[in-house]
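Please look over the sequence and the fold side by side before reading on. The paragraphs below begin with strands and then turn to charged side chains.

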Amino acid sequence: MAEQENSKDLISVLWSGADILRSKMDANEYKNYLLGIVFYKYLSDSFLIKVYDLLYDEKPETLKQALEAYKEALEDESAEELKGQLADECHYIIEPELTYTYFAEAARNNSFHREQLQKGFNNIEQSDPIFADLFTDIDLYSSRLGAGDQKQSDTVANLIKEIDKADLLNSDAEILGNAYEYLIGQFASETGKKAGEFYTPQAVSKILTKIAISGQKDKRGLSVYDPCMGSGSLLLNAKRYASEPGYIQYYGQELNTSTYNLARMNMFLHGIAADNQNLHNGDTLDGDWPTGEETEFDMVLMNPPYSAKWSAAAGFLQDERFSDYGVLAPKSKADYAFLLHGLYHLKNNGTMAIVLPHGVLFRGAAEGKIREKLLRSGNIYAVIGLPANLFYNTSIPTCIIVLKKHRDGRDVLFIDASRKFNKGKKQNEMTDEHIHEVLELYTRRETVEKESFLASFEDIENNDFNLNIPRYVDNFEKEEPIDLNALLSDMKKTDQELEQVQGEFLSLLKELTSSDAAVLSSLNDLIGKMEG
């Protein structure tokens, strides 16, 4: 409970930081400032805690105490040795006057200048390739922050003071990571359509991850890959359900640079060691990645952009990811290009789970040919229909396709989860109970009336390889038979009530009078019509 409280406190402090910027710019912009400055505080606070630990083998009582100890230690002759140790363990060094603790003090004394923070950003970016260009989306010189140098510096100073109230010294990585995730979710909600680029709703993430990790939880050195990783929250879910989270290797690619930076920060804030992060900024379909030593993974998780356009250039027919299928996903709908990319990077005994629009289940032409080949090879293991309006950027219903690379059977489990939701103000929500029900059906892998159907290969062949869920799961609810006598008696009763009300209204009208002859004449006309 204390952990939950701590997390709530942290969230409210960070959210009030957003209030400082909310009137100046929209959520898609101010999220970069807020999350970037929170991340700098995290790096700085972690650094000072590490310094104190190396010097005194304990945790400092305050960050100010740690900063003083750091200043003293730098005057000592063993300062270079300390710096070497810090560089090895943290991958960066922060000078005392560039620590967040120093900035916050300066902001409280009205002596803070944004150039100091810019210098801090630059130093981190140059300290190790893993931090390269990490803060490029934060423009501390933007006119959006205010008119002129002083006002812009004041806005940044106010933000620094507000975020300084967040107690990271007594928050573990999980609390901070969860608070960060919550913020990203809130920004997604405020940003609306643009949010699809960086956020998968937590319920969908849970289902995808629990399915893909099933049977692999205890594997040490589990590898997880998301070729459209957004802010990395889907990747990071693996850590929640694995027995040995410290050994997970994370592989992720993201096209949008701002979102890629967000994912890198998110990894660190969840306490993921630099050596376990393998993240890349690039176009997943145009250039295959990764192509080095590690190219196949235990888990592949994906929520790609739906029906996106791609080049579908003829050269891709020679690309190993697509060459087995003889055709390419159409130019106007890259859904199957993303699916095949993910499958190509899946280990023989791994599991892949991808969210896509329902069209992939039944569209013909090239998509139909790819789908048939996948079904003949036994790659499609399950199809789960999700409720509509779960995502921030689209209200269309989506489905999860679960894939395996090599298995004996060619049967497919269909689950209709389209009614498993609670109606929310903006989005529909799946609760933990709904998620549990879906996973239960997935694990049972059998036909359950109105909920699931285990289709044989013959069933699918007889349906011309069409995987539209209603063909397999009949969730039609029979209407209650209508009692005609009861209906007639209700109608009679309603007529009597109407007659009574009309009679009362008529007697009220008759009591009205007016000195205006025209009004009186109209009134008498109305009474006459009603009596007639």
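Two strands are said to pair if DSSP finds at least two bridges between them. With that in mind, turn to strand 1 in this predicted model, which covers residues 223-226. Two bridges join strand 1 to strand 4, and these two strands run parallel; within this pairing, Y225 stands opposite V300 of strand 4. Strand 1 is also joined by four bridges to strand 2, made of residues 249-254, and here too the strands run parallel. In this second pairing, V224 is the residue that stands opposite Y250 of strand 2.

Which residues of strand 1 lie on one side, and which on the other? In a regular strand the side chains alternate between the two faces of the sheet. In strand 1, S223 and Y225 lie on one side while V224 and D226 lie on the other, and because residues under 20% relative accessible area count as buried, the finding that all four are buried tells us that both faces of the strand are covered.

Strand 4, which spans residues 297-302, also brings us to the charged side chains, since the structure holds 26 salt bridges. One of them is formed by the side chains of D298 and K347, with 3.4 Å from N to O. This pair links distant parts of the chain, for D298 belongs to strand 4 whereas K347 belongs to strand 5 (residues 346-357), 49 residues apart. Elsewhere, salt bridges that share partners join K41, D45, K64, E105, R108 and D164 into one network.

The closest N and O atoms of K71 and E68 are 3.7 Å apart. K71 has a relative accessible area of 30% and so is partly exposed, and E68, at 40% relative accessibility, also counts as partly exposed.

In a further salt bridge, the side chains of E162 and K165 meet at 3.2 Å, N to O. How buried or exposed are these two partners? E162 counts as buried because its relative accessibility is 17%, whereas K165, at 54%, counts as exposed.

Methods: Residues numbered from 1 in each chain as written. Predicted model: local features only at pLDDT ≥ 70, side-chain atom pairs only at ≥ 80, totals over all residues. Heavy atoms only, no water. Salt bridge = Lys/Arg side-chain N within 4 Å of Asp/Glu carboxyl O. Buried < 20%, exposed > 50% of the residue type's maximum accessible area, 1.4 Å probe, protein only.
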